[in-house]
Structures are given as C-alpha cells and as structure tokens.
Amino acid sequence: QVQLVESGGGLVQAGGSLRLSCAGSGRTFTYSVLGWFRQAPGNEREFVAALRWSDGSTYYVDSAKGRFTVSRDRDKNTMYLQMSSLKPEDTAIYYCAVQPYESRGIFRPPAGAQFYADWGQGTQVTVSS
C-alpha cells in the first residue's frame, strides 16, 4: 500500500495557474499508473489525467488538453499537475490515485475510479471568475 498526499491547491482567478503535487510514500511507483481526478460539489468524481511512471507517458481528457500538464520527479516519488488558463468550472477537490500495475504499448489509462487502489485526501482548487 502506498500513501499519497496532495498539496498545492488554493484560490486563483480565472486565467491563473496552479501546480498540484502528489507525494507518495510507502513504496515507489515503479510499474504504476498515477491518475488525477477531481470532484466538484454535487458531481461524481471525474478522471482528468494520468501518467505511466515507468516511461512518463501521459494522458489527458479533452477538457485538460493544452491547459494541464502531468509530470513526475522520480527522486522525490512525486507527481505534479501543472494547471494553467484555469476556468471557474475547474473548481473542485483534486485527488491523485495509483493503479499498482501498468500495461505496455499505447498509454490508455483507465478512467474509472474503481481501477485505482490508493487515494490521497484531496486538495481544494477554487477558481474565481
């Protein structure tokens, strides 16, 4: 089991930027897929982006493409979500999660939360208009 801690959330104006961090402890992320999800009040948790730890491959949903960037620091066992051009509709609690296995080839991570074994506690992102 791995422990995940998100940080970096906050209040930002529309058009601004934030960088979220997801630090892992307990084990390394070797051969894992790490995902970013978000949940706005009254909505279901939705998949945003993912990263395959072994080779750094990334995947984004359409609403995140061109605005969000996922990266990792292997030495720190940490994943990041750089968000720019933020919109009020990006307001949500952001969670990171880990799927403790990965598939090879073209990176198509699962979007369902049920495929991810461990979760962080979340960090609030609020974008004001």
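T78 is buried in this predicted model, with a relative accessible area of 8%; buried denotes under 20% relative accessible area, exposed over 50%, and partly exposed in between, with a 1.4 Å probe and protein chains only. Residues are numbered from 1 along each chain as its sequence is written, and side-chain values use heavy atoms, with hydrogens and water left out. As the model is predicted, local features need pLDDT of at least 70 and side-chain atom pairs count only at pLDDT 80 or more, while totals for chains, interfaces and linings use all residues.

T78 belongs to strand β8, residues 78-83; strands are DSSP runs of E, at least two residues, numbered from the N terminus. Beyond its neighbours within four places in sequence, T78 is in contact with S21, C22, A23, W53, S71, R72 and D73, where contact means heavy atoms within 4.5 Å. A polar atom of the T78 side chain also lies 2.8 Å from the backbone oxygen of K76.

I turn now to charged pairs. Side chains of opposite charge can pair when their charged atoms come close. The whole structure contains six salt bridges, each a side-chain nitrogen of Lys or Arg within 4 Å of a carboxyl oxygen of Asp or Glu.

In one of them, E46 and R38 bring their closest N and O atoms to 2.6 Å. R38 is buried at 7%, whereas E46 is partly exposed at 37%. Both belong to a salt-bridge network that also includes R67 and D90.

R104 and E102 form another salt bridge, at 2.5 Å between the closest N and O atoms. Here R104 is exposed at 55% and E102 is buried at 15%.

Methods. Helix = DSSP H or I, 4+ residues; strand = E, 2+ residues; numbered from the N terminus. Polar contact = N/O pair within 3.5 Å; in protein donor to acceptor, adjacent residues only side chain to side chain.
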